[in-house]
Amino acid sequence: MIQLQVRALFLFPAIVLLIGCTQPQKTDEERERSRLVRSNIKSITEYKTSFIPNASEKERISHLTIFNKKGFAVKEIDYNETGIAWHIFMHEYDKNDNLICTTIKNSDRSLFGKETRKYDEKNNLKELIYFLSDGTVEYRYAYLFDEEGRVVEMEVYWPTELSAVHKFIYERKKKLEDVEYSSDKKLLGRKSYKYDVHENLLEEFQSGTDSSKSNKIIYLYNLINQITQQVTYAGELVQNTLSYEYDKKYFLSVKNRFSSTGKMTAKYRYQYELY
């Protein structure tokens, strides 16, 4: 998906943004947005330092997010390895604060793509469409919700032909499973989720049709339920590890990435601008 290759629009695990209503963790997202508003956060800048054997590059700007006074992201800029703006994301919202359009432009301001979203009368996301720069549809997602406002099914179209269907299983508001089927109802893969007593996600397990090939992500949290570590496995082998540090106001200050052997490969530092 070109959109995902450009940039996942949802930024940092400790800085969750309410830019759509597709997940049952909406209350958590609102809580994080409330913290942004209380702290008068205008923007968050991510700086990155990459490490190679026996050396490291200079710290450079990696990503910038600008918020309105309601705590919603209205503009994002991705920067390339030389610190030059690469892609620019502009977010638009409706009167109910639902994200309805994200326009993506290249560094020369030419159009890269556009994502539009439509909602039902309960503000549940019912359709997401991604358009290429020439206006043609690359893919479309259609969502089905239950009476409790939980996504129970998502249809994936490439661009107009049904290619996959995801079915979701819950325990109250906690998503337990995401099962993917092909258009002819053959199993393609499955994700399962485990939580702690505070409903923090502890483990995400992913498997395909070949049960011998699986991946999982393990999460750790501090006493106030902020993520402190994320370890990704392929089978039983560690692929990479992320660690998170927070400032005195409990905002993310540093994120470190480590290789499978435990060597630091990148450091991300976060700077906050106030209104």
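**Side-chain contacts**

Analyst: In this predicted model, arginine 117 is buried, with a relative accessible area of 8%.

User: Which residue forms a salt bridge with arginine 117?

Analyst: Glutamate 115 does, and the closest N and O atoms are 3.0 Å apart. Glutamate 115 also counts as buried, at 2% relative accessibility.

User: How many salt bridges are there?

Analyst: The count comes to 15. Among them is the bridge between arginine 269 and glutamate 59, whose closest N and O atoms are 2.8 Å apart.

User: Where do arginine 269 and glutamate 59 lie?

Analyst: Arginine 269 lies in strand 19 (residues 264-274), whereas glutamate 59 is in the loop between strand 2 (55-56) and strand 3, so the pair ties together parts that are 210 residues apart in sequence.

User: What does the side chain of glutamate 32 meet in a salt bridge?

Analyst: The side chain of arginine 35, at 2.8 Å from N to O. Both residues lie in helix 2 (residues 26-38), 3 residues apart, which is about one turn of the helix. Arginine 35 is buried, with a relative accessible area of 13%.

User: Which ring does the charged end of arginine 35 sit over?

Analyst: That of phenylalanine 251, with the charged end 4.3 Å from the ring centre. In another such contact, the charged end of lysine 216 sits over the ring of tyrosine 233, 5.0 Å from its centre.

User: Turning to the rings, how many aromatic pairs does the structure hold?

Analyst: It holds 6 aromatic pairs. In one of them, the rings of phenylalanine 72 and tyrosine 93 have centres 5.1 Å apart and planes at 45°, so the pair is tilted. This pair links distant parts of the chain, 21 residues apart: phenylalanine 72 is in the loop between strand 3 (60-67) and strand 4 (73-79), and tyrosine 93 is in strand 5 (residues 85-93). Both residues are buried.

User: Why is the pair of tyrosine 130 and tyrosine 139 stacked?

Analyst: Their planes are at 15°, with the ring centres 5.4 Å apart, so the pair is stacked; planes under 30 degrees apart count as stacked. Tyrosine 130 is buried, with a relative accessible area of 0%, and tyrosine 139 is buried with a value of 0%.

User: Which residues form one aromatic cluster?

Analyst: Tyr130, Tyr139, Tyr141, Tyr143 and Trp158.

Notes
Residues are numbered from 1 along each chain as its sequence is written. This is a predicted model: local features need pLDDT of at least 70, side-chain atom pairs count only at pLDDT 80 or more; totals for chains, interfaces and linings use all residues. Side-chain values use heavy atoms; hydrogens and water are left out. Rings of Phe, Tyr and Trp (its six-membered ring) pair if their centres lie within 6.5 Å; planes under 30 degrees apart count as stacked, over 60 as edge-to-face and the rest as tilted. Helices (H or I, at least four residues) and strands (E, at least two) are DSSP runs, numbered from the N terminus. Buried means under 20% relative accessible area, exposed over 50%, partly exposed in between (1.4 Å probe, protein chains only). A charge sits over a ring if NZ of Lys or CZ of Arg is within 6 Å of the ring centre and within 35 degrees of the ring normal. A salt bridge is a side-chain nitrogen of Lys or Arg within 4 Å of a carboxyl oxygen of Asp or Glu.
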